[in-house]
Amino acid sequence: MVSHVDSIASIRAFVAAAEAGSFKQGGLSLGLTSSAVGKAITRLEDQMAVQLFHRTTRTLSLSEPGTLFLLHAKRILQQLEEAEAELQSSAGPVANFCR
């Protein structure tokens, strides 16, 4: 079973690769290898039972479901970042003590 944390990491890899147009460039933006990005995306595709990218040896392009998922994935990641920022700003000394 895939954890939600693994899913979030896979979604980040998917968005980075989609925006960069390659697993290599997407990985560089995340500090990951292209292989790690490819494996994360494959796990995501397996989990959702859908192909997110059309891959050839020379090109990488989003499939129709990939294009739709990209819109949702970017929104999800943005909401996570906003939630984290809100928690950090409102947590006060207790949160800082727990770090």
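Guide: The expected span of a helix is 1.5 Å times one less than its number of residues. Helices here are DSSP runs (H or I, at least four residues), numbered from the N terminus. The model is predicted: local features need pLDDT of at least 70 and side-chain atom pairs pLDDT 80 or more, while totals for chains, interfaces and linings use all residues. Residues are numbered from 1 along each chain as its sequence is written, and side-chain values use heavy atoms, without hydrogens or water.

Now the core. A nonpolar core is a set of buried Ala, Val, Leu, Ile, Met, Phe, Trp, Tyr and Cys residues joined through side-chain atoms within 4.5 Å. Buried means under 20% relative accessible area, exposed over 50%, and partly exposed in between (1.4 Å probe, protein chains only). The largest such core has 17 residues. I11, F14, V15, I41, F53 and F69 have the most contacts inside it. Two or more residues each come from helix 1 (4-20), helix 3 (34-48) and helix 4 (64-91). Helix 1 gives the largest share, 6 residues. In soluble globular proteins, nonpolar side chains tend to be buried together.

Take I41. Beyond its neighbours within four places in sequence, I41 is in contact (heavy atoms within 4.5 Å) with A13, F14, A17, F23, F53 and R55.

Helix 2 (residues 23-30) packs on helix 3 at about 100°, with axes 8 Å apart. Axes are lines fitted to C-alpha atoms over the stretch in contact, and angles run from 0 to 180 degrees between N-to-C directions. Helix 2 and helix 3 are therefore roughly perpendicular (65 to 115 degrees). F23, K24, G26 and G27 of helix 2 meet S34, V37, G38 and I41 of helix 3.

Next, helix 4. Its 28 residues reach 41 Å from first C-alpha to last, close to the 40 Å expected at 1.5 Å a residue. G66, F69, L70, A73 and L77 are buried in helix 4. S63 caps its N-terminal end, with a side-chain oxygen 3.1 Å from the backbone nitrogen of G66.

Note on methods: Polar contact = N/O pair within 3.5 Å; in protein donor to acceptor, adjacent residues only side chain to side chain. Parallel < 35°, antiparallel > 145°, perpendicular 65-115°, else oblique.
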